[in-house]
Amino acid sequence: MKTIRCVSAVVALLAAGGAYAANLEAGKSKAQEVCQACHGMDGQSAASPDYPKIGGQHKDYLANKSGARKNPVMGAMAAPLTSQDIDNVTAYYAKQPGTLASRY
């Protein structure tokens with residue numbers, strides 16, 4: 001009986017986790033609204049070499065939830081975004097084709 005309850009709890013947690021999965025369409029919409037002017041819709045910022053190319057980058061790197069990288073402009077742009085917005089946008093840009101290459 002204890003095993004059944006444990007399995008049921010794991011299944012419930014997995015199902016709940018799916019409710020918070022990133023929504024790529026919402027990410028695309030928010031990217032169009034907030035991010036595209038600097039980073040482009042595909043994350044390959046053609047506007048200026050000052051703006052990083054983020055298409056194809058790892059989602060965790062893009063989210064920068066540790067706060068290790070500080071940029072006053074990005075901080076101001078990202079401040080009104082919810083945690084779900086950030087998950088959606090970073091998932092959207094992570095799915096874009098990347099142009100990054102290793103030099104080594």
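A residue counts as buried when its relative accessible area is under 20%. The model on screen is predicted.

**Whole chain.** Select the protein chain and colour by secondary structure: five helices and zero strands, in the order α-α-α-α-α. Of the 104 residues, 25% are buried. Switch to a surface view; the accessible surface is about 7600 Å², and carbon and sulfur atoms hold 60% of that area. Among contacts with a separation of 6 or more, 71% link residues 24 or more positions apart.

**Helix H2.** Next, select residues 24–39, which make up helix H2. The end C-alpha atoms of this 16-residue helix are only 17 Å apart, whereas a straight helix at 1.5 Å a residue would reach 22 Å. Centre the view on Glu 33, where H2 bends by about 60°.

Now show the side chains of Gly 27, Lys 30, Ala 31, Cys 35 and His 39, the buried residues of H2.

**Tyr 92 and Tyr 93.** Select these two residues; both are buried. By the ring-centre cut-off of 6.5 Å, the count of aromatic pairs is one. Tyr 92 and Tyr 93 form that pair, with ring centres 5.3 Å apart and planes at 65°. The pair is edge-to-face because the angle between its planes is over 60 degrees.

**Arg 69 and Tyr 61.** Last, select Arg 69 together with Tyr 61. The charged end of Arg 69 sits over the Tyr 61 ring, 3.9 Å from the ring centre.

Definitions and conventions:
Residues numbered from 1 in each chain as written. Predicted model: local features only at pLDDT ≥ 70, side-chain atom pairs only at ≥ 80, totals over all residues. Heavy atoms only, no water. Phe/Tyr/Trp six-rings, centres within 6.5 Å; stacked < 30°, edge-to-face > 60°. Buried < 20%, exposed > 50% of the residue type's maximum accessible area, 1.4 Å probe, protein only. Lys NZ or Arg CZ within 6 Å of the ring centre and 35° of its normal. Helix = DSSP H or I, 4+ residues; strand = E, 2+ residues; numbered from the N terminus. Contact = heavy atoms within 4.5 Å. Areas by Shrake-Rupley, 256 points an atom, 1.4 Å probe, with all protein chains shown as cover. Expected span 1.5 Å × (residues − 1). Bend = angle between axes of the 7 residues up to and from the residue.
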